[in-house]
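Please look through the sequence and the model shown below before reading on. The notes after them are meant for someone meeting this structure at the outset.

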Amino acid sequence: MSASSAVLQALRPLADLQSGVVTREQAVAHGVSPRVVARLLDEGHWRRLEPGLFLTTGDEPTFGARAWAGTLLGGDASRAGGLAAARLHGFNEDIPNLVTVLVPHARRPAPRRGYEFVRERPGVRGRSVGAPPRTSAEDTVLDLCTTALPEDVVGWVTLAVERRRTTSKRLRRTLQGRDRHPRRELLEGLLADVAVGVRSPLEL
């Protein structure tokens, strides 16, 4: 095995974890020199997603790769949110055109095509979960319901519960932890119905 093959093998577990996406800093930390990176790009083995951000295959990036790229672009403590988080949790069938990435409020990432960076204040949402990091299923549902039409609020709640990504009890507890929510009254009534066995938007 050549030296370059050995260092690429050392990088593989991290690349696999991150859906094939690595930063320049991560590559260098694993011994992949800038010269090797340039050769891999020139030969089509790697693909440049953004300056300093690479996909370690020549394929089109999957949604998982796009989500990882967004959180890496956002920096430490960044996480997928909104429709992107719903897709990662498995209760949004559609692949969103924009990947929403929540970043600490003090951070101002440069705009990137295909990404929406949203600054969030501490304490509003709970901890991140999963890989790539994302808002919890409960916070994701509540975020999506913030500006949703009433029928869409019903849809998000029942879909997330029906697919066993959360429960009405956990959603109520998360809702109680938020100081404000524009759909609080609707959600409280809806979650009471779901708790007694209502399973679908049609039933409601």
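What follows is a short briefing on salt bridges, pockets and aromatic pairs.

This is a predicted model, in which local features need pLDDT of at least 70 and side-chain atom pairs count only at pLDDT 80 or more, while totals for chains, interfaces and linings use all residues. Residues are numbered from 1 along each chain as its sequence is written, and side-chain values use heavy atoms, with hydrogens and water left out.

**Salt bridges**

- The structure holds 11 salt bridges, a salt bridge being a side-chain nitrogen of Lys or Arg within 4 Å of a carboxyl oxygen of Asp or Glu.
- One of them joins the side chains of Arg112 and Glu50, with N to O at 3.1 Å; this pair links distant parts of the chain, 62 residues apart, since Arg112 sits in the loop between β5 (99-104) and β6 (115-120) and Glu50 in strand β2 (residues 47-50). Helices (H or I, at least four residues) and strands (E, at least two) are DSSP runs, numbered from the N terminus.
- Arg112 counts as partly exposed at 26% relative accessibility, whereas Glu50 is buried at 17%; buried means under 20% relative accessible area, exposed over 50% and partly exposed in between, with a 1.4 Å probe and protein chains only.
- Arg79 and Glu120 form another salt bridge, their closest N and O atoms being 3.0 Å apart, and because Arg79 lies in strand β4 (residues 79-80) and Glu120 in strand β6, the pair ties together parts that are 41 residues apart in sequence. Both ends are buried, Arg79 at 6% relative accessibility and Glu120 at 11%.
- The side chains of Arg178 and Asp143 also meet in a salt bridge, at 2.9 Å from N to O, and both residues are buried.
- Salt bridges that share partners join Arg79, Glu120, Arg125, Asp139, Asp143 and Arg178 into one network.

**Pockets**

- The largest pocket holds about 320 Å³ of space. A pocket is found on a 1 Å grid over the protein atoms alone, as an open set of points where a 1.4 Å probe fits, with protein on both sides within 12 Å along at least five of seven lines, and lining residues have an atom within 4 Å of a point.
- Of the 15 residues that line the largest pocket, Gly82, Leu83, Thr100, Glu116 and Leu144 lie nearest its centre, and α5 gives the most to this lining, with 3 residues.
- The lining of the largest pocket divides into 7 nonpolar, 5 polar and 3 charged residues.
- The second largest pocket has a volume of about 220 Å³, and its lining includes Glu50, Arg113 and Tyr115.
- Strand β2 supplies the largest share of the lining of the second largest pocket, 4 residues, and by class this lining has 4 nonpolar, 1 polar and 5 charged residues.

**Aromatic pairs**

- The structure holds 3 aromatic pairs, where rings of Phe, Tyr and Trp (its six-membered ring) pair if their centres lie within 6.5 Å, and planes under 30 degrees apart count as stacked, over 60 as edge-to-face and the rest as tilted.
- The rings of Phe91 and Trp156 have their centres 6.2 Å apart and their planes at 75°, so this pair is edge-to-face, and both Phe91 and Trp156 are buried.
- The rings of Tyr115 and Phe117 have their centres 6.3 Å apart and their planes at 25°, so this pair is stacked; Tyr115 and Phe117 are likewise buried.

Methods
Grid points are joined across faces, edges and corners, and a volume is the space filled by probe spheres set on the points. Ala, Val, Leu, Ile, Met, Phe, Trp, Tyr, Cys and Pro count as nonpolar, Asp, Glu, Lys and Arg as charged, and the others, Gly among them, as polar.
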